[in-house]
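Work through the exercises below with the sequence and the structure side by side, and try each task before reading its solution.

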Amino acid sequence: MENATVRSQEMQAIYLDLDSSGLESSREQQFDEYLIEAVDETLCSLGEPVKNTLYQNLSCNFDLTKDDIPTRIGEFSGIMHKIFGLAASRLEIKFIKSLNSKIQANVGPENEWAVSKWIVMEMSF
């Protein structure tokens, strides 16, 4: 129970930081933008051609655009595991680390969960 309270306070602090940043978009939109940036930066580490091919594959074969990732994170995670196999878990960890650096919160893995479960766990308070 205490751990949940601490997490709730951390998320509230994140939202306060986001609100005070002067951006006009809502907190949810800001989080989604940070998540998309984190995914994009991580995929860039594989090389620009790989990133572009992956986005094209997601769009053509799975009807999932880059902007859909935050709202369809579970589906995105499943697709990543189909494409990359065990390496998808490493990419998900990099997604979370990049997201962590953007929102400056501890959203890293406590367990070896899929990225969709981490985000849902952190956003559910």
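**Exercise 1.** Which side chain meets that of Lys102 in a salt bridge, and what is the N to O distance?

*Solution.* The model is a predicted one, in which local features need pLDDT of at least 70 and side-chain atom pairs count only at pLDDT 80 or more, while totals for chains, interfaces and linings use all residues. Residues are numbered from 1 along each chain as its sequence is written, and side-chain values use heavy atoms, with hydrogens and water left out.

Begin with the criterion: a salt bridge is a side-chain nitrogen of Lys or Arg within 4 Å of a carboxyl oxygen of Asp or Glu. The partner of Lys102 is Glu37, at 3.5 Å from N to O.

**Exercise 2.** Which residues are linked with Asp40 in a network of salt bridges?

*Solution.* Take the contacts of Asp40 one by one. Its salt bridge with Lys51 has its closest N and O atoms 3.6 Å apart; since Asp40 lies in helix α2 and Lys51 in helix α3 (residues 48-62), this pair ties together parts that are eleven residues apart in sequence. A salt bridge also joins Lys66 to Asp40, again with 3.6 Å from N to O, and it links the loop between α3 and α4 to helix α2 across 26 residues. The network is made up of Asp40, Glu48, Lys51 and Lys66.

Then consider accessibility, where buried means under 20% relative accessible area, exposed over 50%, and partly exposed in between (1.4 Å probe, protein chains only). Asp40 counts as buried because its relative accessibility is 16%, and Lys51 is buried as well, whereas Lys66, at 32%, counts as partly exposed.

**Exercise 3.** Which residues of α4 are buried, and why are they on the same side of the helix?

*Solution.* List the buried residues: Ile73, Phe76, Ser77, Ile79 and Met80. In general, an α-helix has 3.6 residues a turn, so residues three or four places apart point the same way. Finally, look past the helix: α4 is followed by Gly85, whose phi is positive, near 65°.

Terms used. Helix = DSSP H or I, 4+ residues; strand = E, 2+ residues; numbered from the N terminus.
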